[in-house]
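The entries follow in the order in which I made them.

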Amino acid sequence: MIKLYSTGCPTCKKIIKLLEDKNIEFEEITNEDEIFNYADRYEIENVPFAITSDGVVLGSSIEIINFLNNEG
C-alpha cells in the first residue's frame, strides 16, 4: 500500500494512472493540512510524494516512478 500525497496536478494524475495500471493498492491524500504536515516533516518541497507501507519516503515524481517501475 502506498500513500500518495497529491493535489490533482497533471503529474499527480500520471502517477495515479501508473498505480492503477500496475494494480498497486494506494490511498490518495488530498487534505492540504496533511500534505503540508508530511512535506514539512520530510523536507519535501513539491507534490506528488509518497510513503510506502515500509515507511520509505519517495520525495519526488521521479522517485515514485522508479519505485513503481521496479514493482511488478
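Predicted model: local features only at pLDDT ≥ 70, side-chain atom pairs only at ≥ 80, totals over all residues.

**Entry 1. Charged pair.** I noted that D21 and K17 lie four residues apart in helix α1 (residues 10–21), which means that about one helical turn separates them. I then looked up the contact itself: D21 and K17 form a salt bridge, with 2.9 Å between the closest N and O atoms. Side chains of opposite charge can pair when their charged atoms come close. I searched the whole structure for such pairs and found one salt bridge. I also checked the exposure of K17, which is partly exposed at a relative accessible area of 47%.

**Entry 2. Sheet.** In what order do the four strands of the open sheet lie? I read the order as β2-β1-β3-β4, with mixed pairing. The edges are held by β2 (26–29) and β4 (57–58); each has a single partner strand, so one side of each has no neighbour in the sheet. I next examined β1 (residues 2–5) and β3 (residues 49–52), which run antiparallel and are joined by four bridges. Within this pairing, I found Y5 opposite F49 in β3.

**Entry 3. Helices on the sheet.** I turned to the packing of α1, which lies on the sheet and touches β1 and β2. The direction of α1 makes about 160° with that of β1. Helix α2 (residues 32–41) lies across β1, β2 and β3, and I noted its angle to β3 as about 75°.

**Entry 4. Nonpolar cores.** Which residues make up the largest nonpolar core? I listed 10 residues: I2, L4, I15, I16, L19, I24, A50, L58, I64 and L68. Two or more of these residues come from each of β1, α1 and α3 (61–70). The greatest share is that of α1, which gives three residues.

**Entry 5. Cysteines.** How many disulfides does a search of the whole structure find? I found zero. A disulfide is a covalent bond between the sulfur atoms of two cysteines. I therefore looked up the exposure of individual cysteines: C9 is buried, with a relative accessible area of 19%. C12 is likewise buried, with a relative accessible area of 0%. The cut-off for buried is under 20%, so C9 at 19% is counted as buried.

How values were computed: Residues numbered from 1 in each chain as written. Heavy atoms only, no water. Salt bridge = Lys/Arg side-chain N within 4 Å of Asp/Glu carboxyl O. Buried < 20%, exposed > 50% of the residue type's maximum accessible area, 1.4 Å probe, protein only. Pairing = 2+ DSSP bridges. Contact = heavy atoms within 4.5 Å. Axes fitted to C-alpha atoms, helices over the stretch in contact; angles between N-to-C directions. Core = buried A, V, L, I, M, F, W, Y, C linked by side-chain atoms within 4.5 Å. Disulfide = S-S within 2.5 Å.
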